[in-house]
Amino acid sequence: MRSLLVTGGAGFIGSAVVRTLLRDTDRSVTVVDALTYSGNPESLDAALESPRLRFVEADIRDEAAMRRVLAESQPSAILHLAAESHVDRSIDGPAEFVSTNVTGTFILLQETLGWWRSLPADRRDAFRFVHVSTDEVYGSLGESGQFTEDSPYRPSSPYSASKAASDHLVRAWHHTYGLPTITTNCSNNFGPFQFPEKLIPLVTMRALAGESLPVYGTGANVRDWLHVDDHVRALLAVLDRGVPGATYLVGANNERTNLQVVTAICEVLDELAPRPDGTAHASLITFVADRPGHDLRYAIDASKLQRDLGWYPSVTFADGIRDTVRWYLDNGDWTARVMSGAYRTERLGLLPHSGDAHV
């Protein structure tokens, strides 16, 4: 698989994939990204200087653009990460999520199918379409148990419903047309270059500014945290060794309540960037009304990925959260540039708006 096409390659996870590919392999990469508010070429960092990188600003909903990119890049595989991905935004503006995640995936599949059918048999057999999705499609768990590849779909938000629909389309294009697709569903990612609307960078930025840290409900909602570098290694394992038609769940057994995550960030900041008045950053935590349809708990059983493809997570939550907070401390210029007024950390999802960002 010498030539890869990565959709959403200027986003958080996509840029991590591209940086890794260009740093650690000799593969060439074509990035397709519409550069919406959370996509930024600066996230590609040093990879932008690589002669093996081609960047195309285009929308996966643009049939002609996708047809042209496929013809020009001639990819051995596609990693499909382009998506709208913020639950709060989906509550207030579901149309864009349906348009990008469902219609966009449909158009990409259709254009890929037509191009793939034109290939000689050996290239058709070797081709892979890896669709990157979320554990949120499975809905909410109780206090015990984990999601597996056989868990039923029970999406709770417009975001997760749109991703569930895209998953079904990807599998249908494999079973109906033979397109060699693979689906992955991952837990919450964290790490450097994440747009500051998500929990960990948002809390870090607000705490540094001395602003309140609103936490939904009692902060008891649980997520399984996966460092983005571990996720990238999983995706490359799926790309190279995954079975067409299969699904693989990616998680790191790092379950934490939202309150535990916020408290951990505050403790790291107390050490690395203490407040001028000496008070603990945790004193900024406040509790607010819960988000509509807030799933209680997610947890992933990644044993299939471990057993079949030999992947295991390597980054602990404690090490990952410390390194991530330190990265944001060291890269304030990047954060300021990507935010640039287009997104002001306002809370989205509660009606009417409160004007604060909640987590």
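Which residues have the most contacts inside the largest nonpolar core? In this predicted model, they are Val18, Val29 and Leu305, within a core of 47 residues. A nonpolar core is here a set of buried Ala, Val, Leu, Ile, Met, Phe, Trp, Tyr and Cys residues joined through side-chain atoms within 4.5 Å. Buried denotes under 20% relative accessible area, exposed over 50%, and partly exposed the range in between, with a 1.4 Å probe and protein chains only. Helix H8 (residues 228-241) supplies the largest share of this core, 8 residues. Helices (H or I, at least four residues) and strands (E, at least two) are DSSP runs numbered from the N terminus. A second, separate core has 24 residues, among them Ala58, Leu108, Trp116 and Val170. In soluble globular proteins, nonpolar side chains tend to be buried together.

Residues are numbered from 1 along each chain as its sequence is written. Local features need pLDDT of at least 70, side-chain atom pairs count only at pLDDT 80 or more, totals for chains, interfaces and linings use all residues, and side-chain values use heavy atoms, with hydrogens and water left out.

Contacts (heavy atoms within 4.5 Å) were listed without residues up to four places away in sequence. On this basis, Val29 touches Leu4, Val6, Val18, Leu21, Leu22, Arg52, Leu53 and Arg54.

Asp230 lies in helix H8 and counts as buried because its relative accessibility is 0%. The side chains of Asp230 and Arg233 are joined by a polar contact of 2.9 Å. Such a contact is a pair of N or O atoms within 3.5 Å; within protein, one must be able to donate a hydrogen and the other to accept it, and residues adjacent in sequence count only if both atoms are side-chain atoms. Beyond its neighbours within four places in sequence, Asp230 is in contact with Trp311, Pro313, Ser314 and Val315.

Asp45, by contrast, is partly exposed, at 45% relative accessibility. Asp45 is placed in the loop between strand E2 (28-33) and strand E3 (53-57), and touches Arg19 and Phe193, leaving out residues up to four places away in sequence.

The buried residues of helix H9 include Val261, Ile265, Cys266 and Leu269. Their cover includes helix H7 (199-208), strand E12 (285-288) and helix H11 (317-330). Cys266 has a relative accessibility of 1% and is therefore buried; Cys186 is buried at 6%. The structure holds 0 disulfides, defined as pairs of cysteine sulfur atoms within 2.5 Å.
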